[in-house]
Amino acid sequence: MRVLLLFSHPVESSYGAALHKETREALIRAGHEVDDCDLYAEGFDPVLSRHDRLVYHDYPENTKLVDRYCERLKAAEGLVIVTPVWNFGFPAMLKGYFDRVWLPGVSFALVDGKVESRLRHIRKMAAVLTYGATPFRAFVAGNPPKKIVKRVLRAQINPWKPVTFLAHYDMNNATPETLSAFLAKVRRKMERF
Ligand SMILES: Cc1cc2nc3c(=O)[nH]c(=O)nc-3n(C[C@H](O)[C@H](O)[C@H](O)COP(=O)(O)O)c2cc1C
C-alpha cells in the first residue's frame with residue numbers, strides 16, 4: 001500500500017534518524033510504496049498564521065498554502081509516524097503539521113454539526129516514539145503522546161482499526177543493547193505492516 005511516513009527530528013545523526021531509516025527500509029522491503037515526509041529536511045513551516053486561522057474552515061481555500069501536503073495525505077493508505085517526545089507532546093514541527101495540514105475538508109468535515117472523517121482511506125497506522133522518561137514517569141504524566149496516537153489520531157482516521165504503538169522509553173539511560181533491540185523490534189513490526 002502507499003504509506004505516508006511522517007518524520008520529525010532535526011539531527012541527521014540522531015537515534016531518531018536511525019529509526020526513520022530503519023522504518024523506511026523495512027516498509028519498502030515489505031513491498032509498500034513509501035512517501036517519505038521528513039518535515040525538517042523539507043523545511044515545512046509549522047506555524048499556523050493569522051491568514052491560516054482566518055481561512056481555517058474554508059475548504060478548499062484553506063489548503064492553498066499546504067496543497068502538496070494535503071494531496072500526499074489524501075493519497076495515503078497507511079500512516080507511520082517516527083518522532084521523539086518533547087515536553088510530553090510532539091515536537092512543534094510535527095504538531096504544526098497536524099494543525100496546518102489536517103484541515104476541515106481534508107481530514108474531517110462538519111456535517112450537521114457532527115465531525116465526519118475524511119481519512120477512511122488510511123487503513124493502517126503505526127507510531128515509533130522515543131521518550132527520555134521511564135514508562136512510570138510517562139504514565140504519571142498521563143502519557144499524552146500515546147493518547148494522541150492511540151485515541152485522537154486513531155479516532156480521526158478510523159476508531160475501529162488497530163494501531164501499532166512502539167516506544168523506547170528511558171532514552172536517558174539507553175544502552176547500545178536497548179537501542180539495537182528497539183531498532184530490531186521496529187524493523188520486525190514494519191516488515192509486517
Ligand atoms: C526539547 C526537549 C524536550 C523533551 N521533553 C521530554 C518529555 O517531556 N518527556 C520525555 O519523556 N522526554 C523528553 N525529552 C527527551 C527526548 O524524548 C529524548 O531526548 C529523545 O527521545 C531521544 O531521541 P534522540 O536521541 O533521537 O533525540 C525531551 C527532549 C528535548 C530535546
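User: How many helices and strands are there in the protein chain?

Analyst: The protein chain has 7 helices and 7 strands, where helices (H or I, at least four residues) and strands (E, at least two) are DSSP runs numbered from the N terminus. Read from the N terminus, the order of the elements is β-α-β-α-α-β-α-β-β-β-α-α-β-α. The radius of gyration, taken over C-alpha atoms, is 17 Å for the protein chain, close to the 16 Å that the globule rule gives for 193 residues, so the chain is as compact as a globular protein of that length; the rule itself is 2.2 Å times the number of residues to the power 0.38.

User: What should I know about the model and the numbering?

Analyst: This is a predicted model, in which local features need pLDDT of at least 70 and side-chain atom pairs count only at pLDDT 80 or more, while totals for chains, interfaces and linings use all residues. Residues are numbered from 1 along each chain as its sequence is written.

User: Which residues have the most contacts inside the largest nonpolar core?

Analyst: They are Leu4, Leu5, Leu6 and Val80, in a core of 40 residues. A nonpolar core here is a set of buried Ala, Val, Leu, Ile, Met, Phe, Trp, Tyr and Cys residues joined through C-beta atoms within 7 Å, and a residue is buried if 20 or more other C-beta atoms lie within 10 Å of its own, exposed if 12 or fewer, and partly exposed in between, with C-beta atoms placed from the backbone. Among the elements that give two or more residues to this core are strand E1 (2-7), helix H1 (15-29), strand E3 (78-84) and helix H7 (176-191).

User: And what is Leu5 in contact with?

Analyst: Leaving aside neighbours within four places in sequence, the contacts of Leu5 include Thr23, Leu27, Val34, Cys37 and Val80, where two residues are in contact if their C-beta atoms, placed from the backbone, lie within 7 Å. For the protein chain, 80% of the contacts between residues at least 6 apart in sequence join residues at least 24 apart.

User: Let's look at H3. Which of its residues are buried?

Analyst: Tyr69, Cys70 and Leu73 are the buried residues of H3. They fall within an arc of 100° when seen down the helix axis, so they line one face of the helix; the arc is that of the directions from the helix axis to the C-beta atoms. What covers them includes E1 and H4, whereas the face turned away from the buried side carries the exposed residues Asp67, Arg68, Glu71 and Ala75.

User: Switching to the ligand, which residues are the closest around it?

Analyst: The closest are Gly16, Thr130, Tyr131, Gly132 and Ala133, out of 15 residues that surround the ligand, a residue being counted if its C-beta atom, placed from the backbone, lies within 6 Å. By class, the shell has 9 nonpolar, 6 polar and no charged residues, with Ala, Val, Leu, Ile, Met, Phe, Trp, Tyr, Cys and Pro counted as nonpolar, Asp, Glu, Lys and Arg as charged, and the others, Gly among them, as polar.

User: What is Ala138 in contact with?

Analyst: Beyond its neighbours within four places in sequence, Ala138 is in contact with Tyr131, Ala133, Asn143 and Tyr169. Ala138 lies in helix H5 (residues 135-140) and is buried, with 21 other C-beta atoms within 10 Å.

User: Asn143 comes up there, so what is its phi?

Analyst: Phi of Asn143 is near 40°, a positive value in a residue other than glycine. Asn143 is found in the loop between H5 and H6, and with 21 C-beta neighbours inside 10 Å it counts as buried. Asp170 also has a positive phi, about 55°, although it is not a glycine; Asp170 is found in the loop between E7 and H7 and is partly exposed, with 17 other C-beta atoms within 10 Å.

User: Which residues does the cis peptide bond join?

Analyst: The cis peptide bond joins Tyr59 and Pro60, with omega about 5°, and Pro60 lies in the loop between helix H2 (50-54) and H3. As background, most residues other than glycine have a negative phi, and most peptide bonds are trans.

User: Last one: is Ser49 buried or exposed?

Analyst: Ser49 is exposed, with 11 other C-beta atoms within 10 Å, and is found in the loop between strand E2 (33-38) and H2.
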